[in-house]
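Hello,

Here is the structure I promised to pass on.

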Amino acid sequence: MLLKPNPSSGVPIYLQLMEQVKHAIETGALRPGEQLPGIRPLAEELVVNPNTVAKAYRELEHEGVVELRQGAGAFVTDKAPTKKDADKLRAGQAAVAAAVEKLRARGVTEDEIRRLFEAELARNVEERRSR
Amino acid sequence: MTDRAVIETAGLTKRYEEVEALRGLDLRVPSGSIFGFLGRNGAGKTTAIKVLLGMARPTSGDARVFGLSPAEARSGVEIRGRCAFVSDQKDLYNYMTVAEMIAFTRSFYPRWSAELEQKFLRRFELPPSREIHGLSRGMRTKLALLLALCRDAELLVLDEPTSGLDPAMAEDVLQALVGQVTARESTIFFSSHQLSEVEQIADHVAIIDRGQAVVSGALDDLRAQYQRIQLVFEGDAPEFKLHAPGTHRLQRRGRVVTILSSNGGAAVLDELRGYRPASIDVSPVTLKEIFLDSVRAAEGAESADKGH
């Protein structure tokens with residue numbers, strides 16, 4: 001499920017491993033409650049430093065993506081961003097892209113679009129607060 | 001991994017007649033780490049290893065392995081007993097067969113692991129009845145590593161363990177090293193010219209140049225500190241004089257300026273914004289670039305008048 005990281009990309013290997021785990025969760029290859037490979041077997045399989053794998057798992061725990069259970073290993077949490085979240089974001093991005101395109105066609109500039117979005121978000125927050 | 005150091009040196013120097021092989025080497029190798037020891041040929045790597053193992057006496061400075069001084073006869077013997085060393089020569093007896101060489105070595109070490117011996121004989125595909133003078137370079141390297149790994153030592157010191165190996169063999173060797181650290185919690189200190197291999201398995205590195213460590217620390221920290229910054233200007237790039245510390249290799253080409261920063265980039269970025277570039281891009285740097293930069297920076301400092 002996890003692939004060999006590219007050691008020469010300049011991106012620290014623990015970050016590459018973190019991205020891979022998150023991607024696996026987003027695609028549904030790993031689901032909430034499921035266990036991640038053990039640190040030692042994974043280090044040997046990918047031929048990377050076991051401390052690097054341990055660091056990736058610790059950081060993922062810090063971000064709330066996995067839970068480290070003493071002696072049992074690492075498990076995907078319920079809070080981890082799942083495929084559903086990824087789909088939601090993808091759909092959201094499409095909606096934003098369409099809105100931006102429409103505004104551009106009407107001659108609204110990039111800066112103005114940014115200000116419009118920010119103003120709208122701010123108004124939204126205000127409204128919810130006053131409710 | 002604990003914070004305990006297995007190897008520690010401070011201001012280590014070694015002079016051979018006219019040559020100063022080590023000129024104040026400071027090293028710290030944490031217990032349980034895989035430590036990549038890098039440097040150009042003649043930078044002092046082999047001398048440092050010899051001093052650490054008590055095979056050469058330092059001229060001045062302090063060296064400790066397991067907290068012991070290798071320069072003292074008795075602690076030197078203890079260090080060599082607790083640590084397995086594979087030299088770049090892969091010293092083996094040519095007239096013996098593989099099986100004889102293993103049996104001979106086994107007789108010296110009470111902690112010898114028969115299980116590891118069988119495992120690596122299989123994994124390294126070593127022919128037990130072949131005489132050593134008939135082995136290829138890769139086979140010799142694998143045999144030397146097998147002898148070191150089976151001793152189940154606390155510390156493995158390896159001088160270029162993958163030199164002369166094809167990529168598949170090199171991967172086998174790296175995997176064996178990772179396995180040793182995960183299963184036995186050994187520490188591995190290895191020199192290498194293969195920077196991508198070092199990036200793959202090491203968690204700590206030191207780059208030495210002319211007998212001194214010019215860069216050392218946790219690999220992830222170094223990666224976070226070093227960044228390449230590219231600036232693009234509307235017109236020709238202005239003349240630069242940067243004061244932020246850790247600015248290396250500033251290069252101007254038309255509208256584009258590239259900078260290597262070794263100081264996390266933040267201070268340099270602040271200073272750079274003052275020049276009002278059209279865009280600033282920050283990208284990560286490979287170990288190879290850090291290596292070339294630190295080795296060349298030392299060169300430049302020593303011969304500033306040569307010019308490139």
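**Where chains A and B meet**

In this predicted model, 24 residues of chain B are in contact with 20 residues of chain A, contact being heavy atoms within 4.5 Å. Together the two chains bury about 1800 Å², with 50% of it on carbon and sulfur atoms; buried area here is the accessible area (1.4 Å probe) that two parts lose on being put together, summed over both. B:Thr182, B:Gln200 and B:Asp220 supply 30% of what chain B buries against chain A, more than any other three residues.

B:Asp220 also turns up in a salt bridge, where its side chain meets that of A:Lys55 at 3.3 Å, N to O. Between chain B and chain A the count is three salt bridges (a side-chain nitrogen of Lys or Arg within 4 Å of a carboxyl oxygen of Asp or Glu). Helices H6 (167-184), H7 (195-201) and H8 (219-225) of chain B are the elements that give two or more residues to the side touching chain A. H6(B) provides the largest share of that side, seven residues. By residue type, the side of chain B that touches chain A divides into nine nonpolar, eight polar and seven charged; Ala, Val, Leu, Ile, Met, Phe, Trp, Tyr, Cys and Pro count as nonpolar, Asp, Glu, Lys and Arg as charged, and the others, Gly among them, as polar.

Helices (H or I, at least four residues) and strands (E, at least two) are DSSP runs, numbered from the N terminus, and two strands pair if DSSP finds at least two bridges between them. Strands S1 (residues 5-16) and S2 (residues 19-30) of chain B run antiparallel and are joined by nine bridges. B:Glu8 has B:Arg28 in S2(B) as its bridge partner. Two residues lie between these strands, and B:Glu17 takes a positive phi near 45 degrees in this hairpin.

Further along, S8 (residues 204-209) and S9 (residues 212-218) of chain B pair in the antiparallel sense over six bridges. Here B:Ala206 has B:Ser216 in S9(B) as its bridge partner. This hairpin has two residues between the strands, and B:Arg210 takes a positive phi near 45 degrees.

**Conventions**

Residues are numbered from 1 along each chain as its sequence is written, and chains are lettered from A and ligands numbered from 1 in the order in which they are written. Local features need pLDDT of at least 70, side-chain atom pairs count only at pLDDT 80 or more, and totals for chains, interfaces and linings use all residues, while side-chain values use heavy atoms, with hydrogens and water left out.

Best wishes
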